[in-house]
Amino acid sequence: MNNDWQVNGLPLPGPLIRLLNSGRWRHPGDRALRQLIPWLDDPLDFMTTIDELCLHNRLIAQLDAGTMQFFQIRRGGAGQPIAMPWLDLDQAVFIAECRYAGDDIAVALDYRTSPIDPRVLATDTATLAQQHLSWRQVTPTLSQFIDALHLH
């Protein structure tokens, strides 16, 4: 696969590449997202170009340890596997983020389940009483996420 379609060293899934190339990887509307991800109260924005995906994921990779703890993000590397509700930053690509700074929400592809059709996770702010967020499955695969939002 062409390195131009990698983010964080992870190859983007074919369906996402096709949607990016055709301009169909776009925000489906707040209502559609809220129906699919009802626990997210705040609006999201999709990252709609490969440059935007690379930039935002590079910035997330530079988070300090305290911020990573708050967002329940760890780097797995060759060490112990990282289980849900944590996100393994080495096995994830962020595809959407909060529209307004401080909302602390995001959506990411989780390659721990499949490098070809990864599951889709979103932050869950219900755990804020515990001084951190957690990650919750939106759909078992990116293909199901795309279908649910009628992005074809």
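1. Helices (H or I, at least four residues) and strands (E, at least two) are DSSP runs, numbered from the N terminus. The model is predicted: local features need pLDDT of at least 70 and side-chain atom pairs count only at pLDDT 80 or more, while totals for chains, interfaces and linings use all residues. Residues are numbered from 1 along each chain as its sequence is written, and side-chain values use heavy atoms, with hydrogens and water left out.

2. The phi of Asn8 is near 55°, a positive value in a residue other than glycine. Most residues other than glycine have a negative phi, and most peptide bonds are trans. Asn8 is partly exposed, at a relative accessible area of 37%; here buried means under 20% relative accessible area, exposed over 50%, and partly exposed in between (1.4 Å probe, protein chains only).

3. His150 also has a phi near 55°, positive in a residue other than glycine. His150 is found in the segment after H5 and counts as exposed, at 68% relative accessibility.

4. The peptide bond from Met84 to Pro85 is cis, with omega near 15°. Pro85 has its place in the loop between strand E4 (73–74) and strand E5 (87–88).

5. Next comes the sheet. Five strands form an open sheet in the order E3-E6-E7-E8-E9, with antiparallel pairing; two strands pair if DSSP finds at least two bridges between them. Strand E3 (44–46) and strand E9 (134–139) stand at the edges with a single partner strand each, so one side of each is left without a neighbour in the sheet. From one strand to the next, the twist averages 35°. Axes are lines fitted to C-alpha atoms, for helices over the stretch in contact, and angles run from 0 to 180 degrees between N-to-C directions.

6. Within this sheet, strand E8 (residues 119–124) pairs with E9 in the antiparallel sense over five bridges. Asp124 stands opposite Ser134 in E9.

7. Helix H3 (residues 50–60) lies across E3 and strand E6 (92–98), and runs at about 95° to E6. Which residues of H3 are buried? They are Ile50, Leu53, His56, Asn57 and Ile60. These cover an arc of only 140° around the axis, which puts them on the same side of H3; the arc is that of the directions from the helix axis to the C-beta atoms. An α-helix has 3.6 residues a turn, so residues three or four places apart point the same way. The buried residues of H3 pack against E1, helix H1 (14–22) and E6, where contact means heavy atoms within 4.5 Å.

8. Leu151 lies in the segment after helix H5 (142–148). Leu151 counts as buried, at 5% relative accessibility. Leaving aside neighbours within four places in sequence, Leu151 is in contact with Leu19, Arg24, Trp25, Arg26, Pro28, Phe46 and Ile146. Leu151 and Leu19 are 132 residues apart in sequence, and 7.8 Å apart in space, C-alpha to C-alpha.

9. Last, the cysteines. A disulfide is a pair of cysteine sulfur atoms within 2.5 Å, and by this rule the count comes to zero disulfides. Cys54 is in no disulfide, and the nearest cysteine sulfur, that of Cys98, is 19 Å away. Cys98 is likewise in no disulfide, its nearest cysteine sulfur being that of Cys54. Cys54 is partly exposed, with a relative accessible area of 22%.
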